[in-house]
Every structure is written in structure tokens, then in C-alpha cells.
Amino acid sequence: MSTVLKDSYHRPIRDLRVSVTDRCNFRCFYCLPHGEPPIAPKEQMLSYEEIEYICDIFVELGIEKIRLTGGEPMMRRDIEQIIYKLAQLKTRGLRDLALTTNGYFLPHRAQSLKDAGLDRITISLDSLKSDVFKRMTGVDVLDRVLQGIAAAKSAGLQPIKINAVIVRGHNEEEVADFAAFAREHDVKMRFIEFMPLDSGHDWSREDVVSGREIRARIEERFPLEPIDIHRGSETATRYRFADDAPGEIGIIAPVTEPFCGACSRIRLTADGQIRTCLFSTVEHSLRDVVRDGTSRGEIIDFIESVVMKKEPRHYINDPGFVAPSRSMSFIGG
Ligand code: SAM
């Protein structure tokens, strides 16, 4: 009989985000702004067998959704193998296997992800203009990412979600253009507020474009209707286009409208640390526990005790807020 992981605030934990690598081929300024980040030595990273074993245990504990992320998860050459192994967990309670990528490798590998058993994909796209895309990501590859989105669609990795982090002075003027893109390509556009998770610790509140402003910018061109007022543990507030056009809008506003009360997420870093919140300042080494030859039952005890330490909420808006030392690329977005 499967149990359900719960934290000390009785929140069921159903959603595991697994970072499979801390390496990335992009240098998004809101994530890795200052040159080459230190990458963990290979022996500290979880092998695909370890990822499979740990995910198997989490599924036994009631995890229904696994999202693979990074760094850039497609920089791992065994990503299809990881997906194939994790897809087998669908017979044991896993319902949804997703991946977040910058899209660079998709033109040639979208089909192999689908064939390996991936259900869904989220692709990051911060601008539809080549020069802004290059300024934000550090690489001049907008056309290739657009080809990647088309390849994901042809491979049947639908519904496709597109993530755009909106940052003041960079891409806020493009918000309605992104909505037009969602309508034209029938994708779910997700607008994300800029969070203090950049390695340079350069984040400033003035750079945040609020969810409210994002919605207003879209509605100047395309009126929206809320999809589901009871969003449960979803990070996004979702909208459809009032004129019934294809596509969908989601606004993720963790800074101005925190949704911690319904959080169902837990994270595993590429070097095997459990993080109970994106903004945790402490981590718990599941890797060491697993490598110590600990029994499955003791590993379960360890996971349950860590989950009980999940923070009630993040503290971004408190005066004494301390940003986590690791950037999103290490934590896994
Ligand atoms: N490399 C993959 C990608 O580009 O999608 C997966 C990892 S990336 C860290 C996951 C998501 O986190 C991306 O959509 C990225 O835009 C978002 N992200 C990174 N740093 C962020 C920040 N400081 N604030 C908000 N979102 C951020």
C-alpha cells in the first residue's frame, strides 16, 4: 500500500524535481551571470542508477510527478536512458514524467526523448528577438530554440509549455508578443517573475515585473479568462484567451503572490542533496545516505524526516531574507 509523504504542515508532497546535472551551455544573466560556475566533480554527481533507485523510493512514497531539470538536462548523454528507466515507474504510481530544457538539443533529439517515455516538455524562451535573446541567455541561438520547439511538437511531446522569465528593462515589452506566440503555436506560455536565485546575487526588487503587470500587458491585446480558480498545488495561475483562440497563459508569481501554502514540491540536486524549498539555505545529503549502503527502510526514514523540515514558506519578502548560495542552475528549476 502506498503512503503519502507529508510535511509538518500537512502538505502532501507529490512532486519531485530532479536536477540531473549542474552544467549548462547557456549563461542566462538571471541564473549564471558571472562567467564559468564551479561544477561539481563527476564522482559527486548521482549516476543514472542512483537517480533511478531514489526515484523508485520517492514513487513508493507517493510522488506522482517527476520533472527532470538542471543545469541543462540534455547535456547529460544518458538522459534518454534516465527517462526510459523512470518511465517504468508509471506501473508503480508515477503519473507524469516531464523535462525542462533550454531547447538547444531538441531539433535532433526531441523524438528520442518521446521514444524513451517522456510525457511532457517545458522549453525556456526569454525573447522572440535575436538580440534580446542573446543578451539574456549569453548565446545567439534563438532560431535553433524555435526549431527545437517545432521538433518537440512534431514528436508529440504535447502540451508544450514555454517558460519566459520576465525582467524589467529586458523583455517586459514582449509580454503580449509571447501571448501572440502562444495563440499561433498552440502552446502554454508561462511567465515567471524574476526570483533571487542568480549566482551573482544581483537580483533587485526593481527588476521584478509583477504577475499583475504581466497580466495587464497581455490584456491590452488579448482579453483573458481564468481557467481554474482552485489551482491546488499548481505554480501558475492559468488563463484562456477570451476569444477561444488556441494556447494558454500561466503566470507564476512567487515574489508578489507567494503560493507556498499549497506547495507539493521537493527537489533533488544533481549531487544528491534534498532541498525542501527553492529558497532553502540548508540541504540534506541523500547521496551520502544512499552510498553508505543504508537499507531501503532507513532511506525512507531519512526522506520522511527531511520532508518534516520543509519550510512553511519562503522569506523573499522579509527584511532579513538571505538568498540561497546556490543558483537555480545548481538547485534545478
Ligand atoms: N536549462 C533548462 C532550462 O533552461 O529550462 C532547465 C534549468 S533552468 C534553471 C529552469 C528554469 O528556471 C528556466 O525556465 C529558467 O528560466 C528558470 N530560472 C532560472 N533562474 C531563475 C530566476 N532567477 N528567476 C526565475 N526563474 C529562473
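Reader: Which residues of the largest nonpolar core touch the most other members?

Author: This is a predicted model. Its largest nonpolar core holds 105 residues. The largest share of this core, seven residues, is supplied by α1. The members that touch the most others are Phe 58, Ile 66, Leu 68, Ile 121, Ile 249 and Ile 303.

Reader: Which residues is Ile 121 in contact with, leaving aside its neighbours within four places in sequence?

Author: Ile 121 is one of the core residues that touch the most other members. With its sequence neighbours within four places set aside, its contacts include Pro 159, Ile 160 and Lys 161.

Reader: Is Ser 127 buried or exposed?

Author: Ser 127 belongs to the loop between β4 (120-124) and α4 (130-137). Its relative accessibility is 0%, and buried means under 20%, so Ser 127 counts as buried.

Reader: What joins the side chains of Ser 127 and Glu 174, and at what distance?

Author: The side chain of Ser 127 reaches the backbone nitrogen of Lys 129 at 2.9 Å. Glu 174 is also among the residues that Ser 127 touches beyond four places in sequence, along with Val 132, Phe 133, Leu 142 and Phe 178. The side chains of Ser 127 and Glu 174 are joined by a polar contact of 2.6 Å.

Reader: Which residues lie nearest the centre of the second largest pocket?

Author: The second largest pocket has about 420 Å³ of space. Its lining has seven nonpolar, two polar and six charged residues. Of the 15 lining residues, those nearest the centre are Thr 21, Arg 23, Lys 42, Met 45 and Arg 76.

Reader: Is Thr 21 buried or exposed?

Author: Thr 21 is found in the loop between β1 (15-19) and α1 (48-60). Among the residues it touches, beyond four places in sequence, are Met 45 and Arg 76, which also lie with Thr 21 nearest the centre of the second largest pocket. Its relative accessible area is 6%, under the 20% limit, so Thr 21 is buried.

Reader: Which backbone nitrogen does the side chain of Thr 21 reach?

Author: The distance is 3.0 Å. The partner also lines the second largest pocket, and the backbone nitrogen reached is that of Arg 23.

Reader: How many Å separate the C-alpha atoms of Asp 292 and Gly 70?

Author: Asp 292 is placed in the loop between α8 (286-291) and α9 (296-307). Its relative accessibility is 64%, so Asp 292 counts as exposed. Gly 70 is one of the residues that Thr 21 touches. Asp 292 and Gly 70 are 222 residues apart along the chain, and their C-alpha atoms are separated by 25 Å.

Reader: What is phi of Asp 186, and where does Asp 186 lie?

Author: Asp 186 is in the loop between α6 (175-185) and β6 (188-193). With a relative accessible area of 43%, Asp 186 is partly exposed. Its phi is positive, in a residue other than glycine, with a value near 50 degrees.

Reader: Where is His 201 placed?

Author: His 201 has a positive phi near 50 degrees and is a residue other than glycine. Its relative accessible area is 43%, so His 201 is partly exposed. His 201 is placed in the loop between β6 and α7 (211-219).

Conventions:
Residues are numbered from 1 along each chain as its sequence is written. This is a predicted model: local features need pLDDT of at least 70, side-chain atom pairs count only at pLDDT 80 or more; totals for chains, interfaces and linings use all residues. Side-chain values use heavy atoms; hydrogens and water are left out. Helices (H or I, at least four residues) and strands (E, at least two) are DSSP runs, numbered from the N terminus. Buried means under 20% relative accessible area, exposed over 50%, partly exposed in between (1.4 Å probe, protein chains only). A polar contact is a pair of N or O atoms within 3.5 Å; within protein, one must be able to donate a hydrogen and the other to accept it, and residues adjacent in sequence count only if both atoms are side-chain atoms. Contact means heavy atoms within 4.5 Å. On a 1 Å grid over the protein atoms alone, a cavity is a set of points where a 1.4 Å probe fits but cannot get out, and a pocket is an open set with protein on both sides within 12 Å along at least five of seven lines; lining residues have an atom within 4 Å of a point. Grid points are joined across faces, edges and corners, and a volume is the space filled by probe spheres set on the points. Ala, Val, Leu, Ile, Met, Phe, Trp, Tyr, Cys and Pro count as nonpolar, Asp, Glu, Lys and Arg as charged, and the others, Gly among them, as polar. A nonpolar core is a set of buried Ala, Val, Leu, Ile, Met, Phe, Trp, Tyr and Cys residues joined through side-chain atoms within 4.5 Å.
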